[in-house]
Amino acid sequence: MGKNSSMERLYNGLVRENPTFVLMLGMCPTLAVTTSAMNGLGMGLTTMVVLALSNMIIALLRNLIPEKVRIPAFIVIIASFVTMAELLLEGFIPSLYDSLGLYIPLIVVNCIILGRAEAYASKNPVLPSLFDGIGMGLGFALALTCIGAVRELIGAGEIFGFRVMPRSYVPCTIFIMAPGAFFVLSALTAVQNKIRINGERKGKNMSKLQSGCSGDCLGCPGKEGEQNG
């Protein structure tokens, strides 16, 4: 598969360049809204829709947007889709809208969306940019849902509102409070680091895992050098 194939772009966002667990981007909504799996899923899918549509439009207009005003133009496009998403959530899913609150309009300045617009959509055709947005959005949604599920399970004994733990279970409510987000994120990051260390011990190149690079991993010269070496 080429680096711009649809499946490769999806895999890139879900695994190789996951915005939360690999690039450590979008920490504000990640830590703030993941008090439950449903909140994490809702924020993740909303971000995915905005990311995919904004990537598509930016790629479509990439040759028409002047270089000097590209960032303001990106923000206007992203803000338009965020406003649509906010109005749709308020009209059709008011409970989720109330739970996410201020963090919906803050999607406009989410570094994941601006980063993909600058690093990928502004330089590539429409279809790969669309799937890049879907892949990164799904990766973000997956990460937020996992964090929310762990916090909800330990902090309330439930997942997606369904009782999982026995009635005798005493919830550790700190996990659905602000500190719980840091505990869960650090634990999941520790698991990722363990995987990276084990991979390195087996002789695998794990340099892209948790690199913190904001560019496009699939198009990185370092990766090409690795493949040619």
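# Salt bridges, a pocket and a nonpolar patch

Arginine 70, at 24% relative accessibility, counts as partly exposed; this class lies between buried (under 20% relative accessible area) and exposed (over 50%), with a 1.4 Å probe and protein chains only. The structure is a predicted model, in which local features need pLDDT of at least 70 and side-chain atom pairs count only at pLDDT 80 or more, whereas totals for chains, interfaces and linings use all residues. Residues are numbered from 1 along each chain as its sequence is written, and side-chain values use heavy atoms, with hydrogens and water left out.

Another salt bridge joins the side chains of glutamate 17 and arginine 116, at 3.1 Å from N to O. Glutamate 17 lies in the loop between H1 and helix H2 (27-32), and arginine 116 in helix H6 (residues 111-119), so this pair ties together parts that are 99 residues apart in sequence. The salt bridges of the model number five.

| Residue | Relative accessible area | Class |
|---|---|---|
| Glutamate 17 | 0% | buried |
| Arginine 116 | 2% | buried |
| Glutamate 67 | 56% | exposed |
| Glutamate 118 | 24% | partly exposed |

Through shared partners, salt bridges join Arg9, Glu17, Arg116 and Asp132 into one network.

The protein as a whole has nine helices and two strands (DSSP runs of H or I, at least four residues, and of E, at least two). Read from the N terminus, the order of elements is α-α-α-α-α-α-α-β-β-α-α. Of its 229 residues, 41% count as buried.

The second largest pocket (an open set of 1 Å grid points with protein on both sides within 12 Å along at least five of seven lines) has a volume of about 200 Å³. It is lined by 15 residues, of which Leu45, Thr46, Val49, Ala85 and Leu89 are the closest to its centre. Helix H3 (37-60) and helix H4 (70-92) are the elements that give two or more residues to this lining, and H3 gives the most, with eight.

Together with Tyr11, Leu14, Val15, Leu138 and Leu142, Leu45 makes a nonpolar patch of about 460 Å² (residues with over 30% relative accessible area and no salt bridge, nonpolar side chains being joined within 5 Å). Two elements, helix H1 (6-16) and helix H7 (126-156), are those that give two or more residues to the patch. H1 supplies the largest share, three residues. Leucine 138, a patch member, lies in helix H7 and counts as partly exposed because its relative accessibility is 32%.

Notes. Patch = residues over 30% accessible without salt bridge, like charges linked within 9 Å, V, L, I, M, F, W, Y side chains within 5 Å. Areas by Shrake-Rupley, 256 points an atom, 1.4 Å probe, with all protein chains shown as cover. Salt bridge = Lys/Arg side-chain N within 4 Å of Asp/Glu carboxyl O. 1 Å grid on protein atoms, 1.4 Å probe; cavity = no way out; pocket = protein on both sides within 12 Å on 5 of 7 lines; lining within 4 Å. Points joined across faces, edges and corners; volume = space filled by probe spheres on them.
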